[in-house]
Amino acid sequence: ERQKWFEEAGFEDIYVESNDGLKLHSSMLKNEVATNKWIIVFHGYGGGGKHMISSAQNFESMGYNVVIPDARGLGMSEGHYIGMGWHERLDALKWIDYILTEDRNAEIALYGVSMGGATVMMISGEELPSNVKVIVEDCGYTSAWDEFSYQLKQIFNIPTFPVMNFASIVTKIKAGYFLEEA
């Protein structure tokens with residue numbers, strides 16, 4: 001039923017370019033009733049924007065224009081890795097800028113679940129335009145380091161040292177940041 005709503009609602013594919021040259025995709029739905037209320041809905045790890053259809057439908061029914069990004073490397077967005085929220089926070093700034101080109105009087109809410117929750121927590125440390133009125137995170141993790149350390153212990157019963165230290169160095173080489181930063 002939610003998928004049918006998504007297909008019939010009139011979502012538009014929109015794109016921005018990330019700071020590192022990736023073509024990023026979002027689905028955008030302008031509310032039938034003209035409004036300057038916008039929400040950007042960020043999905044969790046390994047998902048894509050379409051995993052947030054239920055949230056999108058709820059926010060649309062509350063009168064919001066809705067933007068649902070596909071995080072880098074997922075869905076229709078380019079990328080070779082998932083940044084665990086660290087690079088995605090900068091991508092989120094691009095979506096905020098996009099909305100402001102559509103509506104300079106936009107009042108923007110940011111909402112994220114899991115990795116999306118971590119993304120919006122991380123973006124809260126950036127300088128945001130006054131148009132961003134609220135940030136809501138749902139079950140985000142404290143840091144990428146903590147999340148991976150927990151998974152190592154719970155799933156594989158492996159100690160964090162030296163695996164996490166090595167993984168952090170590889171992440172710096174491949175993605176440009178240490179896991180401790182995110």
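For the residue classes used below, Ala, Val, Leu, Ile, Met, Phe, Trp, Tyr, Cys and Pro count as nonpolar, Asp, Glu, Lys and Arg as charged, and the others, Gly among them, as polar. All views show a predicted model.

**View 1. Lining of the largest cavity.** One cavity of 30 Å³ or more is counted, and the largest cavity holds about 100 Å³ of space. Its lining comprises 14 residues, of which Phe-42, Pro-69, Asp-70, Ala-71 and Glu-88 are the closest to the centre. Two or more lining residues come from each of α3 (86-102) and α4 (115-123), and α3 gives the largest share, four residues. By class, seven residues of this lining are nonpolar, three are polar and four are charged.

**View 2. The largest pocket.** This pocket has a volume of about 170 Å³. Its lining includes Tyr-45, Tyr-81, Ile-82, Met-84 and Phe-148, along with Val-170, Thr-171, Lys-174, Ala-175, Tyr-177 and Leu-179. Helix α6 (residues 163-175) contributes the most to the lining, with four residues. The class count for the pocket lining is nine nonpolar, one polar and one charged.

View 3. Phe-156 counts as exposed because its relative accessibility is 55%, and the cut-off for exposed is over 50%.

**View 4. Salt bridge between Arg-72 and Asp-20.** The structure holds four salt bridges; in this one the N to O distance is 3.0 Å. Arg-72 sits in the loop between β4 (65-69) and α3, and Asp-20 in the loop between β1 (12-17) and β2 (23-29), 52 residues apart. Arg-72 is buried at 3% relative accessibility, whereas Asp-20 is partly exposed at 44%.

**View 5. Salt bridge between Lys-30 and Glu-102.** The side chains meet at 2.7 Å, N to O. Lys-30 is in the loop between β2 and β3 (37-42) and Glu-102 is in helix α3, so the bridge ties together parts 72 residues apart in sequence. Lys-30 is partly exposed, with a relative accessible area of 44%, and Glu-102 is partly exposed, with 34%.

**View 6. Salt bridge between Glu-126 and Arg-89.** The N to O distance for this pair is 2.8 Å. The partners are 37 residues apart: Glu-126 lies in the loop between α4 and β6 (132-138), and Arg-89 in helix α3. Glu-126 is partly exposed, with a relative accessible area of 26%, while Arg-89 is buried, with 9%. Elsewhere, salt bridges with shared partners join Asp-20, Arg-72 and Asp-91 into one network.

Methods
Residues are numbered from 1 along each chain as its sequence is written. This is a predicted model: local features need pLDDT of at least 70, side-chain atom pairs count only at pLDDT 80 or more; totals for chains, interfaces and linings use all residues. Side-chain values use heavy atoms; hydrogens and water are left out. On a 1 Å grid over the protein atoms alone, a cavity is a set of points where a 1.4 Å probe fits but cannot get out, and a pocket is an open set with protein on both sides within 12 Å along at least five of seven lines; lining residues have an atom within 4 Å of a point. Grid points are joined across faces, edges and corners, and a volume is the space filled by probe spheres set on the points. Buried means under 20% relative accessible area, exposed over 50%, partly exposed in between (1.4 Å probe, protein chains only).
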